[in-house]
Amino acid sequence: MTRVFSGIQPTGHLTLGNYLGAMRRWAAADQHQADALFCVVDLHALTMDHDPARVRRLSRQAATLLLASGLDPELCTLFVQSHVDEHARLSYLLECVATDGEMRRMIQYKEKAAKEAARGRSVRVSLLTYPVLMAADILAYGTDDVPVGEDQAQHVELARDLAVRFNQRYGHTFTVPRATLPQVAARVMNLQEPTRKMGKSDESGLGVVYLLDEPDVVRKKVMRAVTDSGREVVYDREERPGLANLLEILAACTGGNPEALSGVYESYGALKKDTAEAVVEVLRPVQERHRDLCADPGQVEGVLRDGAEKARTIARPTVDAAYRAIGLLPAASDTGAAVGAGTETGAGTDTAVVLNTAR
Ligand code: TYM
């Protein structure tokens, strides 16, 4: 069965971009079609200046919203990254495979590091190495498919490169994953600045629809969306990014096609109105379930506890195999220790034997 893994960072309130680009597919398709794991990746929330209490609060909220968006613990595994040690354990090994140049080429690193520098803040090493931790998240589970929005495609590509390199150097250990992107709304843009991604850490929030925004707030934000000059409603991502963004949001919410929808509207106002209502309707059931789940926090905690247990069981053998393959001496109590005590010659053969015993 296909293994799916994806994650979401508790660095801010979840947005319509997160929902249309990733979460919605996890609930509607992935959890039904694959052996799927979804993770609140809290370690990733420590790479920039952060408030510990806020990270805790947002982690709980993200897990609650994932359940509210339709993830079913009977069908998939939902857990918090820091509850499973294997992520950090594997990340270090992958740091020994990744290169400094590779890390510095990551678009998100360049953007975020520049932002931190502009604010006079120092850049944390973890911001640079964060894609390696993300690769560890993915590779620890033998993941085939990683359903993400477009902004994460480069990071998944790195995970692929690291898997291939590790396998070539130390023997086959990791499944090589691939990113899967949605057909529409792979990159939902900020409503005020349609050339910029709609992100959770946006300061003003005016151009960002949050999943828990009240219907009237959603309407206001969509009606005030910046559109391009011109009158005709056309779908052109390059020349008319504001309009294209609204058409994509509407298409994603109604199951339509942005190009076809552009022919339906004669005015920007009518398009905005329908888009606002479509977003309100998509968010309504999520908000209702969120309200119910908040009334019973024990339920969410139970799901996360069971999820972490299941996740550990899956990740442990692969991460152990990677430790052996790369040349680390197993502790005496580990299975395979006796075999692992082989000679220095024929490392490839030794590795193969140890891998087999560890499974
Ligand atoms: P994060 O938390 O920024 O976003 C979670 C998911 O939402 C998608 N997304 C969007 N899709 C379309 N339009 C947008 N405006 C938009 N904003 C966000 C993201 O592409 C993502 O799929 N590094 C990851 C979290 C992560 C992860 C992983 C993902 C850590 N480890 C392992 C997959 C596998 C991140 O920051 O996502």
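User: Which helices each supply at least two residues of the lining of the second largest cavity?
Analyst: Those are α5 (107-118) and α6 (125-139). Keep in mind that this is a predicted model.

User: Which of them gives the most?
Analyst: α5 does, with three residues in the lining of the second largest cavity.

User: And which residues line the second largest cavity?
Analyst: The lining is made of Gln108, Tyr109, Lys112, Leu127 and Tyr130. By class, that gives three nonpolar residues, one polar and one charged.

User: What volume does the second largest cavity have?
Analyst: About 30 Å³.

User: How many cavities of 30 Å³ or more are there in the structure?
Analyst: Two. The largest cavity holds about 40 Å³ of space.

User: OK, the largest one then. Which residues line it?
Analyst: Asp213, Pro215, Val218, Val280, Leu283, Arg284 and Gln287 do. Four residues of this lining are nonpolar, one is polar and two are charged.

User: Which helices each supply at least two residues there?
Analyst: α8 (215-223) and α11 (268-294). The top contributor to the lining of the largest cavity is α11, with four residues.

User: Back to α6. At what angle do the axes of α6 and α7 cross?
Analyst: At roughly 70°, and the axes come within 9 Å. Helix α7 covers residues 153-170. Angles of 65 to 115 degrees count as roughly perpendicular, and α6 and α7 are therefore roughly perpendicular to each other.

User: Is the crossing of α6 and α7 left-handed or right-handed?
Analyst: Right-handed.

User: Which residues of α6 meet α7?
Analyst: From α6 they are Tyr130, Pro131, Val132, Met134, Ala135, Ile138 and Leu139. On the α7 side, the partners are His155, Val156, Leu158, Ala159, Leu162 and Ala163.

User: How do the residues of that contact divide into nonpolar, polar and charged?
Analyst: The contact of α6 with α7 has 12 nonpolar residues, one polar and no charged.

User: Good. Can you sum up the cavities for my notes?
Analyst: The largest cavity has about 40 Å³ of space, and α11 gives the most to its lining. The second largest cavity has about 30 Å³, and α5 gives the most to the lining there.

Conventions. Residues are numbered from 1 along each chain as its sequence is written. This is a predicted model: local features need pLDDT of at least 70, side-chain atom pairs count only at pLDDT 80 or more; totals for chains, interfaces and linings use all residues. Side-chain values use heavy atoms; hydrogens and water are left out. On a 1 Å grid over the protein atoms alone, a cavity is a set of points where a 1.4 Å probe fits but cannot get out, and a pocket is an open set with protein on both sides within 12 Å along at least five of seven lines; lining residues have an atom within 4 Å of a point. Grid points are joined across faces, edges and corners, and a volume is the space filled by probe spheres set on the points. Ala, Val, Leu, Ile, Met, Phe, Trp, Tyr, Cys and Pro count as nonpolar, Asp, Glu, Lys and Arg as charged, and the others, Gly among them, as polar. Axes are lines fitted to C-alpha atoms, for helices over the stretch in contact, and angles run from 0 to 180 degrees between N-to-C directions. Angles under 35 degrees count as roughly parallel, over 145 as roughly antiparallel, 65 to 115 as roughly perpendicular and the rest as oblique. A crossing is left-handed if the near helix is turned anticlockwise from the far one by less than a right angle, and right-handed if clockwise. Contact means heavy atoms within 4.5 Å.
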